[in-house]
Amino acid sequence: MRVSPLTNTPHPPADISVDRPDEIEELKQRIAELEAENAAQALRLSTKRTKLLEFEAMVQTAPVGILIADASGKITYGNHLVEEMLRHPIHFSENVADYRAWTAFHADGSKVEVQEYPLARVLAGADYSELDVQYLRGDDTQFWLRIIGRPVLDADGNRIGAAVALIDIDRERKLQDTQQILIRELNHRVKNAFSVVKSIVNQSLRYSSVEPHVRRTLDHRLDAYAAAHGRLMDTKWQSGDFRQVVADIVDHVAPGRVSYSGPAHEINSGEALAFSMAFYELATNAIKYGALSVPEGRVTLTWELQDIDDVPSLIVNWSELNGPTVVKTERKGFGSFITNRAIALETGGTVEMDFKEAGVTWTCIVPIEEE
């Protein structure tokens, strides 16, 4: 008797379903979620890649060299301008100690130590660092380089590294050196001019009937103007410190007799010359006729910065005390012109002079131009 081969084929248990449609649907839904997540991740990666390419393009086209280091001090990136400026391949230093591969010198010729570089300073905690150095290029030439460093922060504000910009300032420094030479030469020539003018005045008045004190007054006025001029030459003829302008005159004309105080303030060259001449006239008048003509007399000179009718202003006050009784004269000489009209015209301010019985007071209010 032949037995069919299908007779012994096992049958699936009655409680197991072959189709399981719920599980299949769940798998499909999970696959769809994974595909959507992958697509979103791919989009994020693409966006980051685009931003990275944009950043690299921006850095490569920047007109300065740029170096970036991680938190350990390892230099991880540098744009092409670094190599062009320094004329050697970028040293991808492993840490701050390895910055010795970069060779630079201070203005005095001393070598820049690794911890002095702005990259190292920022990594050590500084929020900003700037340093001008003479850098030794790969071809053994040197040039002036400005290095500016700032930290690199993550999204939470944590410091994860530092970046520096390298700026070629060689032309700028050479122009400054040339300017200094020209200023010194100009100063020398102007001093000679003052000496010639004084000589001409003295020779012209030697055989005249002019009193000796007149010649001395002219000499002193020229000296005061020359001193103010020399001070401005030392500051590149752009501005002068107001306190120094005061000291140059009153400490010379009336040493120890005038007390002065006020905040730090820079004035332009024209104002410095005008105030110098005004203080000279006030001091010499005080010595001849005012408070400084008697032992008990004294002078206070103060200045302050405050708004007047919403305009930032410099207020200067000269006060004489304990001097002889003041007698106002109607005669208007050179000194009056200097202390009133000349300084008002030069500074654009206002001047008030009061001949009080207790002593002369002189107040000058100058508007401060905003830069």
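This is a predicted model: local features need pLDDT of at least 70, side-chain atom pairs count only at pLDDT 80 or more; totals for chains, interfaces and linings use all residues.
Trainee: What makes a residue count as buried here, and what share of the protein chain is buried?

Mentor: Buried means under 20% relative accessible area. Of the 371 residues in the protein chain, 33% are buried.

Trainee: Why is R87 called partly exposed?

Mentor: Partly exposed lies between under 20% for buried and over 50% for exposed. R87 has 42% relative accessibility, so R87 counts as partly exposed. R87 sits in the loop between α2 (80-86) and β3 (104-105). Its phi is positive, about 60 degrees, although R87 is not a glycine.

Trainee: And why is D140 called exposed?

Mentor: The cut-off for exposed is over 50%. D140 has 62% relative accessibility, so D140 counts as exposed. Look for D140 in the loop between β4 (129-136) and β5 (142-153). D140 is not a glycine, yet has a positive phi of about 70 degrees.

Trainee: Now the fold. How many helices and strands does the protein chain have?

Mentor: Eight helices and 13 strands. Five strands form an open sheet with mixed pairing. The order is β8-β10-β11-β13-β12.

Trainee: What makes β8 and β12 edge strands?

Mentor: β8 (258-261) and β12 (350-356) each pair on one side only. Between neighbouring strands of this sheet, the average turn is 15 degrees, direction ignored.

Trainee: How do you know that β12 and β13 pair?

Mentor: Two strands pair if DSSP finds at least two bridges between them. Seven bridges join β12 to β13 (residues 359-367), so by that cut-off they pair. The two strands run antiparallel. Within β13, T361 is the bridge partner of D354.

Trainee: Which strands does helix α6 touch?

Mentor: Helix α6 (residues 242-253) packs on the sheet and touches β8, β10 (298-308) and β11 (311-321). Its direction makes about 175 degrees with that of β8.

Trainee: And which strands does helix α7 touch?

Mentor: Helix α7 (residues 269-288) packs on the sheet too, touching β10, β11, β12 and β13. The direction of α7 makes about 15 degrees with that of β11.

Trainee: What share of contacts join residues at least 24 apart?

Mentor: Take contacts in the protein chain between residues at least 6 apart in sequence. Of these, 54% join residues at least 24 apart.

Notes. Residues are numbered from 1 along each chain as its sequence is written. Side-chain values use heavy atoms; hydrogens and water are left out. Helices (H or I, at least four residues) and strands (E, at least two) are DSSP runs, numbered from the N terminus. Axes are lines fitted to C-alpha atoms, for helices over the stretch in contact, and angles run from 0 to 180 degrees between N-to-C directions. Contact means heavy atoms within 4.5 Å. Buried means under 20% relative accessible area, exposed over 50%, partly exposed in between (1.4 Å probe, protein chains only).
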